[in-house]
Amino acid sequence: MGRLGLALAPIAVTAAVLALLPPLWFGDSPYTTSLAAQALVFASYGVGFNLVFGSTNQLFLCVGALAGLAGYTTGILAERTSLSIWLAAAVGTAAAAVVGGLLSWISVRRSLGVIFTGIVTLVFSLAFTNLLLGQRDLTQGETGLVVPQAAADLAEDRVGGYYLFAGLLVAFLLVFRALQLSRAGWAFRALRDDEVAAELSGVDVARYRIYAAAVGSAMIGLTGALYAYSAGFISPATYAFERVDVRVLVLVAFGGLGTLLGPVLGAGVFAFVDERLTESLQLREVLYGLFVIALFLGFRRGIVHTAADLVRRLRARRRPAAVKEQPAAK
């Protein structure tokens, strides 16, 4: 197996597992299918966020706002114009990509660090929520917006909806891996490790930061648009900061920033946690906060990196023992 085959093997295994889950596990159960589809949605959000934050250290605390921008754009255009739902979703995705690129451009021009980038994007997130509540003629405010043309077979509690988001996640993983293997991936790693050294090495910091933000925001936006189409109904709570951003940050940090499958593993684990804590939302938020503290104190690199380091240590311990045994065998 060549280098490309090894690089794509984790994605192929993930795709096979996702394809086999419905017939082997939850079958036609609408409740379990909905839980699995939502886990895939958050994993897709996580891949986009991981590209922005995990690759270039831009803390975008506006995942829900970017997804909501695309989702509401899709719903409003599908309802008030002659555009099909797919063209409306494309426009919504483009809007999210432009806004994400603009936020990155602002942070680059102002030389904002990780914390201040997070503050700027958090302000945008809060402003977007107020916009949804204020523009009732367009968004219906807290009442919510019904998205037309939603296909019943692609609803989130149907197997078709599950496979829609499974295909979306696999496509995002392929894009993420392609970027990792490209020149852009080298630039992203340099930016993540040491921005000053990367700039001295000839990396165009501004261009690659904006590039990562635009592509990652497009992923988040497309996920939000397709979720609006699949659910058939959206409201400010659908894309709320505490529902989307907190969860995405936790699952990506848990899986491992900058890793390929970190968001997938994190989404799977926290889907199980959410299902167990559905009756106690306050307890869930407290546990999420404790998870964040524990992750950054004890597992700063996430479970994927931690497991990889453990495997390397075990191999390093076995090698000296093997070397010592060779002379005795002779």
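Thr14 counts as buried, because its relative accessibility is 11% and buried means under 20%. This residue sits in helix α1, and its contacts, leaving aside neighbours within four places in sequence, are Leu173, Leu261 and Val264. Everything described here comes from a predicted model, so please read each value as computed from that model.

**Helix α1**

Let us stay with the helix that holds Thr14. Helix α1 runs over residues 3-26, and its 24 residues should span 34 Å at 1.5 Å a residue; the end C-alpha atoms are 35 Å apart, which agrees. The helix also has a kink of about 45° at Leu20, shortly before the proline Pro22.

Which residues of α1 are buried? They are Ala7, Ile11, Thr14, Leu18, Pro22 and Phe26. Just after α1 comes Gly27, with a positive phi of about 55°.

**The protein as a whole**

Stepping back, the protein has 14 helices and two strands. It is made of 330 residues, of which 46% count as buried. How many of the contacts between residues at least 6 apart in sequence join residues at least 24 apart? The share is 78%.

Helix α3 has 18 residues and reaches 26 Å from its first C-alpha to its last, close to the 26 Å expected at 1.5 Å a residue. Of those 18 residues, 16 are buried, so α3 is largely enclosed by the rest of the structure.

Helix α3 (residues 63-80) packs against helix α5 (residues 114-134) at an angle of about 35°, and the two axes are 9 Å apart. The crossing of α3 and α5 is left-handed. On the α3 side, the contact is made by Ala65, Leu66, Gly68, Leu69 and Tyr72; on the α5 side, by Phe124, Ser125, Phe128 and Leu132. Sorted by class, the contact of α3 with α5 has seven nonpolar residues, two polar ones and no charged ones.

**Two loop residues with positive phi**

Most residues other than glycine have a negative phi. Against that background, two loop residues are worth a look. Asn57 has a phi near 60°, a positive value in a residue other than glycine. Asn57 is found in the loop between α2 and α3, and it counts as partly exposed because its relative accessibility is 24%.

Ser111 is not a glycine either, yet its phi is positive at about 55°. Its place is in the loop between α4 (85-109) and α5. Is Ser111 buried or exposed? At 64% relative accessibility, Ser111 counts as exposed, since the cut-off for that class is over 50%.

Ser107 lies in helix α4 and is buried, with a relative accessible area of 2%. Not counting residues up to four places away in sequence, Ser107 touches Gln58, Leu112 and Thr117. The C-alpha atoms of Ser107 and Gln58 are separated by 8.6 Å, while the two residues are 49 residues apart along the chain.

Val215 is found in helix α10 (residues 205-231). With 21% relative accessibility, Val215 counts as partly exposed. Not counting residues up to four places away in sequence, this valine touches Leu51 and Leu179.

Thr238 belongs to the loop between β2 (233-234) and α11 (241-255). Its contacts, leaving aside neighbours within four places in sequence, are Tyr227, Arg243 and Val244. Thr238 is buried, with a relative accessible area of 13%.

Here are the accessibilities of several of these residues side by side.

| Residue | Relative accessibility | Class |
|---|---|---|
| Thr14 | 11% | buried |
| Asn57 | 24% | partly exposed |
| Ser107 | 2% | buried |
| Ser111 | 64% | exposed |
| Val215 | 21% | partly exposed |
| Thr238 | 13% | buried |

How values were computed
Residues are numbered from 1 along each chain as its sequence is written. This is a predicted model: local features need pLDDT of at least 70, side-chain atom pairs count only at pLDDT 80 or more; totals for chains, interfaces and linings use all residues. Side-chain values use heavy atoms; hydrogens and water are left out. Helices (H or I, at least four residues) and strands (E, at least two) are DSSP runs, numbered from the N terminus. The expected span of a helix is 1.5 Å times one less than its number of residues. The bend at a residue is the angle between axes fitted to the seven residues ending there and the seven starting there. Buried means under 20% relative accessible area, exposed over 50%, partly exposed in between (1.4 Å probe, protein chains only). Contact means heavy atoms within 4.5 Å. Axes are lines fitted to C-alpha atoms, for helices over the stretch in contact, and angles run from 0 to 180 degrees between N-to-C directions. A crossing is left-handed if the near helix is turned anticlockwise from the far one by less than a right angle, and right-handed if clockwise. Ala, Val, Leu, Ile, Met, Phe, Trp, Tyr, Cys and Pro count as nonpolar, Asp, Glu, Lys and Arg as charged, and the others, Gly among them, as polar.
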